[in-house]
Amino acid sequence: DIYYRKAKEEGWRARSAFKLLQIDEEFNIFQGVKRVVDLCAAPGSWSQVLSRQLYLPAKYSAESKEEDLPLIVAIDLQPMAPIEGVIQVQGDITNARTAEVVIRHFDGCKADLVVCDGAPDVTGLHDMDEFVQSQLILAGLTIVTHILKEGGKFIAKIFRGKDTSLLYCQLKLFFPTVTFAKPKSSRNSSIEAFAVCENYSPPEGFNPRDLHLLLEKVGSPSGGSDLDCSSGWLEGPNKVYIPFLACGDLSGYDSDRSYPLPKEADGSSYRSLDPIQPPIAPPYKRAIELKKASAQSFNS
Ligand SMILES: C[S@@+](CC[C@H](N)C(=O)[O-])C[C@H]1O[C@@H](n2cnc3c(N)ncnc32)[C@H](O)[C@@H]1O
């Protein structure tokens with residue numbers, strides 16, 4: 001995989017870094033950003049992008065003062081190795097207490113950008129995976145309604161499926177511009193795409209505590225047949241045109257293609273690099289230990 005190889009060569013912890021970079025190429029999401037939340041951040045390649053694009057340039061700029069440095073808060077269920085300029089919180093984004101911890105870090109200030117690359121452990125049962133994925137997006141949206149400033153942006157991974165138009169309508173309640181984007185580094189074979197939501201504008205008088213009531217009014221998953229996004233409610237013809245955009249340099253690397261390995265500078269065959277940062281406590285660690293133990297007892 002060309003992006004996996006390039007990620008190691010450029011020092012990214014995961015190939016996902018290219019997805020965020022390509023979304024930025026198209027939508028300029030980092031412009032003017034001083035405070036950002038990275039939801040579901042482990043192993044940390046998006047946080048690395050945020051650190052390299054926002055924190056490090058400010059840190060090494062002669063004009064920046066300590067108080068001007070961007071604030072980056074990253075959250076994941078899994079622990080993550082440190083990244084310069086990134087505050088880490090280990091927790092479940094669907095848990096209200098995690099949201100409170102994030103909000104406390106912002107100390108009354110609002111974020112300019114919230115990104116969420118959350119993905120459940122995929123089961124292969126598409127309906128189930130899509131449902132759990134939408135729960136992560138809704139958890140992200142809950143955090144957004146508490147900490148995103150008006151005019152701010154929200155980028156969230158989605159799984160395209162039969163409820164995509166419902167999700168689109170729900171996001172449109174809060175953002176006048178919502179585009180579903182497929183970065184060039186995201187494989188065509190994957191149902192993954194990214195909702196790029198711009199210009200956060202909650203409905204007048206909106207109270208974040210009423211989020212779920214508001215979302216339910218748009219319709220229950222698969223329950224509604226008459227989605228009309230112009231009003232956001234369940235009425236009118238079932239006519240939702242979702243802006244869908246391929247992004248990133250379209251003449252660049254194709255994630256569904258294989259490329260020949262280049263030679264090393266001395267003419268020898270390409271030497272594969274080790275991963276930049278293996279997960280420090282992967283959820284599969286226990287399974288591997290159990291498998292090894294059972295193989296040993298079988299052999300003896
Ligand atoms: C695709 S990975 C994110 C990759 C990351 N953006 C990067 O660039 O390195 C998805 C992450 O979602 C996290 N995740 C899934 N459900 C979560 C939840 N409920 N709360 C917090 N993190 C969650 C997983 O632990 C996993 O690390």
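UniProt lists residues 12-200 as "domain: Ribosomal RNA methyltransferase FtsJ", in an unreviewed entry. UniProt positions follow the numbering used here, and annotations may be inferred rather than shown by experiment. The model is predicted, with pLDDT of at least 70 required for local features and 80 or more for side-chain atom pairs, while totals for chains, interfaces and linings use all residues. Residues are numbered from 1 along each chain, and side-chain values use heavy atoms, without hydrogens or water. The span 12-200 is 36% helix and 25% strand. Its end C-alpha atoms lie 30 Å apart. Helices (H or I, at least four residues) and strands (E, at least two) are DSSP runs, numbered from the N terminus.

Helix H4 (residues 96-106) packs on helix H5 (residues 126-147). The angle is about 30° and the axes are 10 Å apart. H4 is therefore roughly parallel to H5 (angles under 35 degrees). Axes are lines fitted to C-alpha atoms over the stretch in contact, and angles run from 0 to 180 degrees between N-to-C directions. From H4, the contact (heavy atoms within 4.5 Å) involves Ala99, Val102, Ile103 and Phe106. H5 contributes Ile143, His146 and Ile147.

The structure holds 9 aromatic pairs, defined by ring centres within 6.5 Å for Phe, Tyr and Trp (its six-membered ring). One of them joins Tyr3 and Phe18, with centres 5.3 Å apart and planes at 55°, so the pair is tilted. Planes under 30 degrees apart count as stacked, over 60 as edge-to-face and the rest as tilted. Tyr3 sits in helix H1 (residues 2-10) and Phe18 in helix H2 (residues 17-27). The pair links distant parts of the chain, 15 residues apart.

Technical notes
Angles under 35 degrees count as roughly parallel, over 145 as roughly antiparallel, 65 to 115 as roughly perpendicular and the rest as oblique.
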